[in-house]
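User: I would like to go through this structure and ask what stands behind the terms used for it. Please set each value against its cut-off.

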There are 2 protein chains.
Amino acid sequence: MEKIVLTPGKLKGLIKLADSEGKFRMLAIDQRGSLQSMLAKAAGKNKEEIGYNELALAKRLVTEYLSPYFSATLMDPQFGVPESLKYLDRHSALLIAREKSGTEAAGYKNNEKKTVLLHEWNIEKIKRAGADAAKLLLYYRTDNTEEVKEYQENVVKKVGEECKKYDLPFVLEPVGYAFKDDEPSTDSPEFASKKPEIVLNIAREFSKEEYGVDILKLEFPVNLKFVEEFHNGYFDGKQRKAVYTLKDAEDACYEITKVSRVPWVILSAGVGMEEFIHNVAIASKEGASGFLAGRAVWKDFTKYFPNESDMVVWLKTSGVANYYKLYEASKKAVPFYEHQQFGSFASIAIKGAGEDWYKVF
Amino acid sequence: MEKIVLTPGKLKGLIKLADSEGKFRMLAIDQRGSLQSMLAKAAGKNKEEIGYNELALAKRLVTEYLSPYFSATLMDPQFGVPESLKYLDRHSALLIAREKSGTEAAGYKNNEKKTVLLHEWNIEKIKRAGADAAKLLLYYRTDNTEEVKEYQENVVKKVGEECKKYDLPFVLEPVGYAFKDDEPSTDSPEFASKKPEIVLNIAREFSKEEYGVDILKLEFPVNLKFVEEFHNGYFDGKQRKAVYTLKDAEDACYEITKVSRVPWVILSAGVGMEEFIHNVAIASKEGASGFLAGRAVWKDFTKYFPNESDMVVWLKTSGVANYYKLYEASKKAVPFYEHQQFGSFASIAIKGAGEDWYKVF
């Protein structure tokens, strides 16, 4: 049987990012701007008053108390790696972010977004620091204006090429956003209706081999606050118009699985745990390979800032419990090696394996 | 309190190489020439008849069945990595060898040995392949002739510099050997008497910062077959002269711990399991941080070659049992972060940690 070949850095990285079941059960603590806002709110301060020490502390605590549970942990290089790396559990693989927090306004009415790569930071450094993968957040719509689209696509290609050069898995997180006149906000029935197509188009685009992506980190393709079953304020008390059903959510996930050339995982995007559990369960059942969860897992611990011991207690109890809830929700997730790209673990081989491998690698 | 600073690649590597107790319980399956001989003997063949496929199979089986137990696994890039990497358990860190198998005769009566680095292989490739550390085997005596000594020291410096460049832990395995007129062989009372000093001098030499070594993989500093307690053929039935006692063995290990600037581990060098268990227990009690064990762990499985199912059965039973024996023997090993270099885990920090870390790294 024909083997699917991978380079050793990519293969070892994928194996490390997944847990022993081959499922990606990963933690994101690379938030910068959003974490700063949460800590400021809790402490009754201005955002600017939350600096390096405060951010580094919060990230360090999440890493220390939660990384032992998750198969991998995503850090940022500004406030994460320098203080948190030491606290990363040896069983949790390391992902490091490539982009800067925030985006550059561009395109139509300046409503579109361009990614800004973090200056004086690169994939060579990410590999050198010992990461098992690099991650890039990218705001993107296939119906962005041409100039913005091309710019964003080129950023992905550039990072993809560098990840190939350093033989490092590339986790791309392309997320949609509202920018058109008929899209009042992402929390609108208009945007919700479009979301399945937006996410599907994204998955299709970045499945192209030219981008060199190894794992797609995607939004849940429907907004569950707008499904028939939950539109009556189920998650947050706010009434919304029903624009689809849970069956539509399943179908949308299944469509993603069909078009995605690489294993995909669900991101949490700031939704609450209950909603996220539904996201993870549905996506897992329909072919996702797990999750890369951030705020949904830990956001409530920021409420105790700056009381460190209360923050720790929250993480050790509710934070850990959130892992187990997500573990359960992702029980049906597809092991990465069973993704259609591979078929099974037995199909995978090292590229160029043989007597001359070490010469040509 | 003053922090001991490490770069992230080195720190993450050390944490990965050690198990959750901070102890190095590592497996070596990077043997080439010696494994070839064992397989040939078992199959009743000439050494040359054991080629890539046979070596790769044996290495793959050891990796597949034993790596889930050991905190790290050492592979060679010729017959190991290309076929075994896929089978490395996600919890076992990866070391890859830098040198070629065998040495170049040199120096006094051509009895001395020069290391040959594997051509078309380097530290950049080791890092790129996803290794957590690089390993270099080096035959060495502080009383080698000047030219050989300088040559060998320069090899270590070169590899040490490259490991710094790629921020990869450097495991150096410097081993003594007999080359003088008054040293009939390593299995002689003459050589046995000298061994404590030979190993101590090696530990002292390669503790110098200029070599950039992170872990020393050392021989047990006395030959237990020549101690008072075991000289009457205890391990292999062969009578030998007693040249020291077990207390001397303890003292010799303690001396190594005192001079070694970096954590050190015990290698198995082809001794049997029973002798190796004594080595590990004594070294651990006297300050070693664990072991990097090769043939002692798995050599008997080669007897079943080429019967693959018997080889597997041996590994799954006796091979695994050998891990547990070594786990027990190394219970008193010093966690790497409690080595005098660090003092405690709390003393360790990332070099340059702070707001500008990612810029200057």
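User: Which residues touch the most other members of the largest nonpolar core?

Analyst: This is a predicted model. In the largest nonpolar core, which has 228 residues, A:Ile96, A:Ala134, B:Ile96 and B:Ala134 touch the most other members.

User: What makes B:Ile96 a residue with contacts beyond its neighbours in sequence?

Analyst: A contact requires C-beta atoms within 7 Å. Leaving aside neighbours within four places in sequence, B:Ile96 is in contact with B:Met75, B:Pro77, B:Val81, B:Ile126, B:Ala129, B:Ala131 and B:Ala134.

User: Why is B:Ile282 called buried?

Analyst: The cut-off is 20 or more other C-beta atoms within 10 Å. B:Ile282 has 23 of them, so it is buried. The residue is found in helix 9 (residues 273–285) of chain B. Outside four places in sequence, B:Ile282 is in contact with B:Ala249, B:Glu250 and B:Cys253. From B:Ile282 to B:Asp251 the C-alpha distance is 9.6 Å, while the two are 31 residues apart in sequence.

User: What is said of phi in B:Asp167 and B:Ala269?

Analyst: Phi of B:Asp167 is near 50°, a positive value in a residue other than glycine. B:Ala269 is not a glycine either, and its phi is positive at about 45°. B:Asp167 lies in the loop between helix 6 (146–165) and strand 8 of chain B. B:Ala269 is in the loop between strand 10 (264–267) and helix 9 of chain B.

User: Which peptide bond of chain A is called cis, and what is its omega?

Analyst: The bond joining A:Phe305 and A:Pro306 is cis, with omega about 5°. A:Pro306 is found in the loop between helix 10 (295–298) and helix 11 (308–329) of chain A. In chain B, the peptide bond from B:Phe305 to B:Pro306 is cis too, with omega near 5°.

User: How do you know that strand 7 of chain A pairs with strand 4 and strand 8 of chain A?

Analyst: Pairing needs at least two bridges. Strand 4 (residues 93–97) and strand 7 of chain A have three, in the parallel sense. Strand 7 and strand 8 (residues 170–175) of chain A have six, also parallel. Both counts meet the cut-off, so both are pairs. A:Ala97 has A:Lys135 as its bridge partner in strand 7, and A:Ala134 stands opposite A:Phe170 in strand 8.

User: What makes strand 7 of chain A mostly covered?

Analyst: Seven of the seven residues in strand 7 (residues 133–139) of chain A are buried. A:Ala133, A:Lys135, A:Leu137 and A:Tyr139 point one way from the strand, and A:Ala134, A:Leu136 and A:Leu138 point the other way.

User: Which strands make the barrel of chain A?

Analyst: Eight strands close into the barrel of chain A in the order 2-3-4-7-8-9-10-11, with parallel pairing. The twist from one strand to the next averages 25°. Strand 2 (residues 24–28) and strand 11 (residues 290–293) of chain A pair over four bridges in the parallel sense. A:Phe24 has A:Gly290 as its bridge partner in strand 11.

User: Why is the relation of chain A to chain B called a two-fold axis?

Analyst: A rotation of 180° with 0.0 Å of shift along its axis superposes chain A on chain B, with an RMSD of 0.0 Å. That is the relation of a two-fold axis. In chain A, the C-alpha nearest the axis is that of A:His91, 3.0 Å from it.

Note on methods: Residues are numbered from 1 along each chain as its sequence is written. Chains are lettered from A and ligands numbered from 1 in the order in which they are written. This is a predicted model: local features need pLDDT of at least 70, side-chain atom pairs count only at pLDDT 80 or more; totals for chains, interfaces and linings use all residues. Copies are superposed by least squares on the C-alpha atoms of residues with pLDDT of at least 70 in both. A nonpolar core is a set of buried Ala, Val, Leu, Ile, Met, Phe, Trp, Tyr and Cys residues joined through C-beta atoms within 7 Å. A residue is buried if 20 or more other C-beta atoms lie within 10 Å of its own, exposed if 12 or fewer, and partly exposed in between; C-beta atoms are placed from the backbone. Two residues are in contact if their C-beta atoms, placed from the backbone, lie within 7 Å. Helices (H or I, at least four residues) and strands (E, at least two) are DSSP runs, numbered from the N terminus. Axes are lines fitted to C-alpha atoms, for helices over the stretch in contact, and angles run from 0 to 180 degrees between N-to-C directions.
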